[in-house]
Amino acid sequence: MRQIIYRSVTTADSRRAADDIPAILGEAAPRNGVDGITGLLYTEQDHFLQAIEGPEESMRDLVDRLASDGRHRDMRILVDRAVDEREFGDWAMIHRDRRESVDSFDDRMRVLLAGVSRQVADYFRALAPA
Ligand SMILES: Cc1cc2nc3c(=O)[nH]c(=O)nc-3n(C[C@H](O)[C@H](O)[C@H](O)COP(=O)(O)O)c2cc1C
């Protein structure tokens with residue numbers, strides 16, 4: 001199983017990453033279900049932060065599609081590693097925006113951050129303060 005966490009910047013005229021979320025989730029969730037990919041997608045202002053996990057081949061395909069998706073730019077991979085088990089839950093894809101109230105998503109994320117590097121954990125925490 002491969003795990004990738006990356007961040008990117010929206011190209012939407014509004015500069016709001018969340019504006020593209022309905023369209024992205026509409027295609028991502030059903031497709032991820034078929035491809036065995038799970039993860040979460042975070043937005044804050046003009047930034048996306050996405051964690052994706054799944055079988056090597058599906059992940060390679062998805063990364064290729066993401067890299068050529070004109071809805072975002074400056075894709076920077078923060079984590080790319082092999083994992084024995086999924087660490088970001090079993091959602092086909094779930095979205096969280098900074099403005100929503102603290103919920104189980106944050107609780108789960110906080111626990112999961114214990115397993116990633118200090119640098120990545122700090123990055124996530126900056127987006128989701130306790
Ligand atoms: C920030 C962001 C996150 C995305 N996440 C996924 C995802 O998890 N799964 C997925 O299949 N497509 C995702 N997409 C959409 C893909 O880039 C691509 O448009 C989609 O898979 C359809 O590709 P196709 O038109 O080549 O078939 C995402 C796009 C963006 C901009």
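What share of the 130 residues of the chain counts as buried? After that, please take me through the shell around the ligand.

A: Happy to! The model is a predicted one, in which local features need pLDDT of at least 70 and side-chain atom pairs count only at pLDDT 80 or more, while totals for chains, interfaces and linings use all residues. Residues are numbered from 1 along each chain as its sequence is written, and side-chain values use heavy atoms, leaving out hydrogens and water.

On your first point, 45% of the 130 residues of the chain count as buried. Buried means under 20% relative accessible area, exposed means over 50%, and partly exposed is in between, with a 1.4 Å probe and protein chains only.

Helices (H or I, at least four residues) and strands (E, at least two) are DSSP runs, numbered from the N terminus.

Now to the ligand. It is surrounded by 15 residues, and the closest are Arg31, Asn32, Gln50, Arg65 and Asp69. A residue belongs here if one of its heavy atoms lies within 4 Å of the molecule. Helix 1 (21–35), strand 3 (47–54) and helix 2 (56–67) each supply at least two residues of this shell. Helix 1 gives the largest share, 5 residues. By type, the shell divides into 7 nonpolar, 3 polar and 5 charged residues. Here Ala, Val, Leu, Ile, Met, Phe, Trp, Tyr, Cys and Pro count as nonpolar, Asp, Glu, Lys and Arg as charged, and the others, Gly among them, as polar.

Asn32 has a polar side-chain atom 2.8 Å from a nitrogen atom of the ligand. For Arg65, a polar side-chain atom lies 2.8 Å from an oxygen atom of the ligand. Asp69 places a polar side-chain atom 2.6 Å from an oxygen atom of the ligand. Taken alone, the ligand exposes 620 Å², and the protein buries 80% of that. Such areas come from the Shrake-Rupley method with a 1.4 Å probe; for residues, only the protein chains shown count as cover.

The ligand takes up the space of the largest pocket. On a 1 Å grid over the protein atoms alone, a pocket is an open set of points with protein on both sides within 12 Å along at least five of seven lines, whereas a cavity is a set where a 1.4 Å probe fits but cannot get out; lining residues have an atom within 4 Å of a point. A molecule sits in a cavity or pocket if more than half of its atoms lie within 2 Å of its grid points.

Finally, a few other residues. Arg2 lies in strand 1 and is buried, because its relative accessible area is 16%. A polar contact of 3.1 Å joins the side chains of Arg2 and Glu56. Such a contact is a pair of N or O atoms within 3.5 Å; within protein, one must be able to donate a hydrogen and the other to accept it, and residues adjacent in sequence count only if both atoms are side-chain atoms. Thr10 is also in strand 1 (residues 2–10), and Thr10 counts as buried because its relative accessibility is 0%.
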